[in-house]
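Open the model in your viewer and keep the selection tool at hand. The tour goes stop by stop.

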Amino acid sequence: MTNIQTTTVNITADNAPAVRRTTKWRQYYNIVRELALVDFRKKYHDSTLGYFWSMLNPLLIFAVYHFVFSYLFVSKLHKFTLYLLTGVFFYNFFMDATSSAIGALRRRSRLTKTIYFPRYLIVFSSSATAVFSFAINTLLICAVAMIFDHVSFLQIFVIVPFILLILLATGIGMMIAILFIHFRDISDIWTVLLTLGFWLTPVMYDPTYVPAPLANVALLNPVGRILVMLRGFLIYDNYPPWTFTISTILFCVGIFFFGWWIFVKYEHRIPEYVA
Amino acid sequence: MIILENISKVFKIPHERTKTLFHKIISISKRGYTYEELFALKNISLRVRQGEFVGIIGKNGSGKSTLLRVIAGIYRPSSGTVTVNEEISPLLELGLGFDPSFSCLDNIYVYGALLGYSRKQMAKKVEEILAFAELERFADAKLETLSSGMRMRLAFAIAIQSVAPVILVDEVLAVGDKVFAEKCRSVFRRLKAEGRTIIFVSHDMGAIKEFCDRVIVISDGRIVKDGDPSAMVTFYNQNILKIANT
């Protein structure tokens, strides 16, 4: 029988220092923010251009793809540059957020040995670090679409696929991070799966132009569905059928809460097995 | 009030050197997954009253740190119940789980959030922490560039910012020079005067005798004796070689 009851009460000793601290959820928010900020700072600390890299990096990617697909492989896809950019940036975030969850857990494992805090905050913070660049990239594509293409009311809804992808990536990040406790090679396996996933996701191709089996996979895949939604809102000025939207939302939210639930169920093993 | 009832903690130490999915599949098909069981704590029951200063002494590997981690809620016991009805400070130990590739300031802010302070509140404390740790000049230095003594001072300075009524201390007087050790002692005196509950693991018998109201001797995961500090220290010193083999 294992039963731990820990309830927090105010300090009862009369002469203990009276410091009013923050509430629980406020504290969790602070932890995520501080962990995410130090990671973000560290990521760009040693480079000469510093934070400017976070802006420059997507621009350079854009330049490379634009060159390749305007001069080397000319695509027949309508508005291909925007199509490609949305795919690349969204899939990049998915890769970044899910794979950084394992690294974050490994680096913070020493911290988990000295103080109790909900361990999922580690994964939340690694996602938050990835969201910094993701948000910049998304704003950038929106700007490109609005300046070079068109402006429409539907573009406001880009926020929906943006949030869905964050939920999906964080949920999957929690799942693979918890698997890492017992299976150390999960990071290698995940790298391979991500490469496979790249081709099973309509990043560079249009699912309606590829053979049926691949097209089916591409449209079942949640990242693919998010991309279909995003491109509808941002580029093609249309929206997917409601059933498609609702099922995608339910799936992403479901994955997030399932990942959270499974992580909380096993997180007590982290200080023991990872550190 | 901290109540431990029949706490046991078993660590499974696998015979395989690595724990990979690949190894697991191989080992299931060949000879199964085997491991060694290490009983770090065996049926420990313990009550600590509010405001008590309890020392824990014992050899290396006798289960002292595991016991602190179980009380702190970091390790889940294999069996038994832990009841702690007060907030607990971080386990004050060497290094405090700092990330060595971050600067002192970064580590201070991360820990501040873990202790429940907002960034604003921490900003006011930073100077005090750095002054106590005698590291004002190295605020932006990465921790990995500092000496172990400096890191310990920083850890101590941060951990005592905790206002938690229960404080767990794991062998902190070992590093640090005489001047700093004296600073630590004055902090312990203050914490004691504030009526905080302190559980203190140490090999420093002088400090144990000076501060503790009660001392527990642990050997091989069991409580061997529990009682008056000077009697326990004498018992421990006389039996240190003998109790190792029981």
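**Stop 1: a glutamate and the other chain**

Select Glu272(A) and show what lies around this residue. Leaving aside residues up to four places away in sequence, Glu272(A) touches Lys9(B), Val10(B), Phe11(B) and Tyr75(B). Keep in mind that this is a predicted model. Glu272(A) sits in helix H10 of chain A, residues 270–273. Is Glu272(A) buried or exposed? Its relative accessible area is 18%, and the cut-off for buried is under 20%, so Glu272(A) counts as buried. Tyr28(A) and Glu272(A) are separated by 244 residues in sequence, and their C-alpha atoms lie 22 Å apart in space.

**Stop 2: two helices of chain A**

Stay in chain A. Select helix H3, residues 80–112, and helix H8, residues 222–236. They pack at an angle of about 140 degrees, and their axes are 10 Å apart. That angle makes H3(A) oblique to H8(A). The crossing of H3(A) past H8(A) is right-handed.

Show the side chains at the contact. From H3(A) come Leu82(A), Tyr83(A), Thr86(A), Gly87(A), Phe90(A), Tyr91(A) and Phe94(A). They meet Val223(A), Ile226(A), Leu227(A), Leu230(A), Arg231(A), Leu234(A), Ile235(A) and Tyr236(A) in H8(A). Colour the contact by class: 12 residues are nonpolar, 2 polar and 1 charged.

**Stop 3: chain B as a whole**

Switch to chain B and show the cartoon. Chain B has 8 helices and 8 strands. Of its 246 residues, 57% are buried. Take the contacts in chain B between residues at least 6 apart in sequence: 72% of these join residues at least 24 apart.

**Stop 4: the open sheet**

Pick out the 5 strands of chain B that form an open sheet. Their order is S5-S6-S3-S7-S8, with mixed pairing. Which strands stand at the edges? They are S5 and S8 (222–227) of chain B. Each has a single partner strand, so one side of each is left without a neighbour in the sheet. On average, neighbouring strands of this sheet are turned by 20 degrees against each other, direction ignored.

**Stop 5**

Zoom in on S5(B), residues 166–170. Its 5 residues are 5 of 5 buried, so S5(B) is largely enclosed by the rest of the structure. Show the side chains. Val166(B), Leu168(B) and Asp170(B) point one way, while Ile167(B) and Val169(B) point the other way.

Check two positions along the pair. Ile167(B) has Ile198(B) as its bridge partner, and Leu168(B) stands opposite Ile199(B).

Next, select helix H6 of chain B, residues 178–193. H6(B) lies across S3 (53–58), S5 and S6 of chain B. Its direction is at about 145 degrees to S6(B).

**Stop 6**

Finish with S7(B), residues 214–219, and S8(B). These two run antiparallel and are joined by 5 bridges. Look for Val217(B), whose bridge partner in S8(B) is Lys225(B). How many residues lie between S7(B) and S8(B) in their hairpin? There are 2. Select Asp220(B) in the turn: its phi is positive, at about 50 degrees.

Methods:
Residues numbered from 1 in each chain as written. Chains lettered and ligands numbered in written order. Predicted model: local features only at pLDDT ≥ 70, side-chain atom pairs only at ≥ 80, totals over all residues. Heavy atoms only, no water. Buried < 20%, exposed > 50% of the residue type's maximum accessible area, 1.4 Å probe, protein only. Helix = DSSP H or I, 4+ residues; strand = E, 2+ residues; numbered from the N terminus. Pairing = 2+ DSSP bridges. Axes fitted to C-alpha atoms, helices over the stretch in contact; angles between N-to-C directions. Parallel < 35°, antiparallel > 145°, perpendicular 65-115°, else oblique. Left-handed = near helix turned anticlockwise from the far one by under 90°. Contact = heavy atoms within 4.5 Å. Nonpolar A, V, L, I, M, F, W, Y, C, P; charged D, E, K, R; others polar.
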